[in-house]
Amino acid sequence: TELFIRKFAKVYTPIVVFLAIAITLLPYFFVENYVFKSWLYRALVFLVISCPCALVISIPLGYFGGIGAGSRNGILFKGSNFLDALAEIKNVVMDKTGTMTEGVFKVQEVNLKPELNKDEILKLVNALESQSTHPVATAIHQYVGEIDNSLKLENTEEIAGHGLKANVNGKELLVGNFKLMDKFNISYDLDPSTIVYTLIAIAYDGKFAGYIRIADEIKQDSAQAIADMKDVGIEKTYMLTGDGESVAKSVAENLKIDEYKSKLLPQDKVEIVKELIEKGRKVAFVGDGINDAPVLALSDVGISMGQIGSDAAIEASDVVIMTDEPTKIAQAIKISKKTLKIAKQNAYFAIGIKIIVLILSALGLTNMWAAIFADVGVTVLAILNSFR
């Protein structure tokens, strides 16, 4: 809107200057009792009215107002263009962990093979998970306690979307999801899809050792957030997660999310959002993790969680929700739509008043006071409207 007004002013200003000259000089050839002073006065009135101040000042000010309204509500817009973009969004894609859920995992159950030393295995898992910043690692650390520094981990490796691998005492230790077990051909005697929680599978010395069951709580306002999004005109909501089918289904059904995808790697999220954009849909992505940075940058509007969010996610996003409340997503859309509405009101009001008073001045039916109102008065009214 602001760029349009700048282009408009660039064309509009020389036109009205030439029209003012024409109003002064052309009547000489067509009017019997031509008085130069009288027509010059009309032309000056015309010039004062035609000043594009109201447009050039009130449109950016409307956007500053929108950015200010967001800040007051704990929503940081990184620029006016993102207010414009957010007002057009029809599809919201969300990450699960840390966005729709608390991102604070707690160990619910430890199920290890009876022949294994439970304390020893947990110490190994805790030492390996200390290499990760994932919320799951924090949950295991809180459950097990202090890390045993006497354990020597070698060749530690993080496998994206799978988990962690290391060598301890010459034996291979794997800690991650069941895709990690499949990748290293570790056989296990259970169906992970039947358990509606996050499962951390453990393999030691080439054998399946058991699993740790971890739960993440849904945020209190997540269900309300989805309902609010529908109220502000969002047509479809999506949830993407690396978690298993049962966990994803349970959360999506609880929150009434339209569509969900589970067992995703970070690059899968990028592909899904890219596909939606290629179909011509305006997409906002909401995430918090370092893995979400590429998809936040790719989407039409990237929204990150400011407290739990990683630096990379916050840097890559266009809008930051400082309080981590999902209900702020709908509020951000509401603010952007109202900002756009006020900017358009200012433009129509300023142009409308100017056209009417310009015609009246060209016909000699108005004076300098009306011209000052059409310029300064309309500017002040547009500024007051922006304050809303």
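The legends below describe close-up views of a predicted model. Local features need pLDDT of at least 70 and side-chain atom pairs 80 or more, while totals for chains, interfaces and linings use all residues. Residues are numbered from 1 along each chain as its sequence is written, and side-chain values use heavy atoms, leaving out hydrogens and water.

**View 1. Phe 8 and Tyr 12 form a stacked aromatic pair.** The structure holds 7 aromatic pairs (ring centres of Phe, Tyr or the six-membered ring of Trp within 6.5 Å; planes under 30 degrees apart are stacked, over 60 edge-to-face, the rest tilted). In this pair the centres lie 5.1 Å apart, with 20 degrees between the planes. The two residues are 4 apart in helix α1 (residues 2-25), about one helical turn; helices are DSSP runs of H or I with at least four residues, numbered from the N terminus. Tyr 12 is buried at 14% relative accessible area, whereas Phe 8 is partly exposed at 25% (buried is under 20%, exposed over 50%, partly exposed in between, with a 1.4 Å probe and protein chains only).

**View 2. Helices α3 and α15 are roughly parallel (an angle under 35 degrees).** The axes of α3 (residues 36-50) and α15 (residues 368-386) come within 7 Å and cross at roughly 15 degrees; axes are lines fitted to C-alpha atoms over the stretch in contact, and angles run from 0 to 180 degrees between N-to-C directions. Among the residues in contact (heavy atoms within 4.5 Å) are Tyr 41 and Leu 44 of α3, and Met 368 and Ala 371 of α15.

Technical notes
Parallel < 35°, antiparallel > 145°, perpendicular 65-115°, else oblique.
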